[in-house]
Amino acid sequence: MTRQEINSWQSVKAEVMRRIVERVWLPGDQIPNEVDLAEEFGCARATVNRALREVAEAGLVERRRKAGTRVALNPTRKATLEIPITRQEVEQRGWRWRHAILEREETLPPVAVTTRLGLSGKLPMLHIRTLHYADNNPFLYEDRWVNISAIEAIRAVDFLTIDANEWLVQNAPFTRGDITFSAANATELEAELLETKEGAAIFVIDRTTWNADIPVTLVHLAYAPGYRVHTEL
């Protein structure tokens with residue numbers, strides 16, 4: 001990459017990562033300092049600093065104050081999981097998606113929900129239960145609690161035209177989340193909705209999201225038997 005091509009922190013990051021991957025800089029090597037890199041790339045030192053922070057967060061370099069930046073001896077790569085939109089997931093598998101709202105009400109949440117979210121049990125939340133279909137076959141049962149005080153606009157949403165999952169992904173920012181993946185035996189209710197036997201093996205996801213320290217939503221997802229999850233690193 002020529003000097004003229006380095007004009008943003010993304011470009012600097014790409015060049016630094018190229019040199020690491022192609023072993024121009026070997027594991028344990030100390031790389032040039034920010035001033036020298038800024039001179040080489042013809043950019044501001046702040047641009048280099050931002051790029052190196054990104055590379056460090058990816059686990060490819062180790063930065064120590066006064067000791068400089070070294071290529072990590074044992075690089076780690078962090079996986080980033082995006083919240084999938086169920087409609088898109090179904091359609092990408094070649095099926096026709098639709099959903100049915102089983103319940104929608106503002107009500108006081110149970111203790112298990114308030115404890116998980118750290119909220120007062122005296123504040124009502126939006127409780128939405130949805131059944132997603134793939135070619136008219138049950139695909140996913142979604143049991144969701146939404147913190148209305150954090151997302152007031154959700155009150156006006158018509159969930160006949162868009163489901164809660166897709167609306168929240170598009171409109172409710174979050175900064176962190178807690179996700180649990182597990183195998184479970186279908187409860188009586190889940191078995192009835194997913195058209196399987198009670199106790200059948202199903203795949204379950206329990207996910208909580210926050211925007212800073214404010215809880216946004218808690219959702220329990222129960223997939224029909226045979227569901228497989230795929231992700232990439």
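Student: Leaving aside neighbours within four places in sequence, what is Val55 in contact with?
Tutor: Val55 is in contact with Lys13, Val16, Met17, Ile20, Leu60 and Val61, once neighbours within four places in sequence are set aside. Keep in mind that this is a predicted model.

Student: Which residues have the most contacts inside the largest nonpolar core?
Tutor: Val12, Val16, Ile20, Trp25, Leu37, Val48 and Val55. That core has 17 residues.

Student: And which elements give two or more residues to this core?
Tutor: Helix 1 (9-21), helix 2 (34-41) and helix 3 (45-57).

Student: What does the second, separate core include?
Tutor: That one has 14 residues, among them Val146, Ile151, Ala164 and Ala172.

Student: Switching to Glu166. Where is its place?
Tutor: Glu166 lies in helix 6, which covers residues 164-171.

Student: Is Glu166 buried or exposed?
Tutor: Buried: its relative accessible area is 8%, and the cut-off for buried is under 20%.

Student: What does the side chain of Glu166 make a polar contact with?
Tutor: The side chain of Arg87, at 2.8 Å. Not counting residues up to four places away in sequence, Glu166 touches Ile85 as well as Arg87. The C-alpha atoms of Glu166 and Gln88 are separated by 9.1 Å, and these two residues are 78 apart along the chain.

Student: On to the strands. Why is strand 7 described as largely enclosed by the rest of the structure?
Tutor: Because 8 of its 11 residues are buried; strand 7 spans residues 201-211.

Student: How many bridges join strand 6 to strand 7?
Tutor: There are 10, and the two strands run antiparallel; strand 6 is residues 176-185. As one of the pairs, Gly177 has Thr209 in strand 7 as its bridge partner.

Student: Overall picture: how many helices and strands are in the protein?
Tutor: 7 helices and 8 strands. The radius of gyration is 23 Å, well over the 17 Å from the globule rule for 233 residues, so the protein is more spread out than a compact globule. Its C-alpha atoms fill a box of roughly 65 × 40 × 30 Å along the principal axes.

Student: What percentage of the 233 residues do buried residues make up?
Tutor: 40%. The accessible surface comes to about 13,700 Å², and 50% of that belongs to carbon and sulfur atoms.

Conventions. Residues numbered from 1 in each chain as written. Predicted model: local features only at pLDDT ≥ 70, side-chain atom pairs only at ≥ 80, totals over all residues. Heavy atoms only, no water. Helix = DSSP H or I, 4+ residues; strand = E, 2+ residues; numbered from the N terminus. Buried < 20%, exposed > 50% of the residue type's maximum accessible area, 1.4 Å probe, protein only. Contact = heavy atoms within 4.5 Å. Polar contact = N/O pair within 3.5 Å; in protein donor to acceptor, adjacent residues only side chain to side chain. Core = buried A, V, L, I, M, F, W, Y, C linked by side-chain atoms within 4.5 Å. Pairing = 2+ DSSP bridges. Rg over C-alpha atoms; globule rule 2.2 N^0.38 Å. Areas by Shrake-Rupley, 256 points an atom, 1.4 Å probe, with all protein chains shown as cover.
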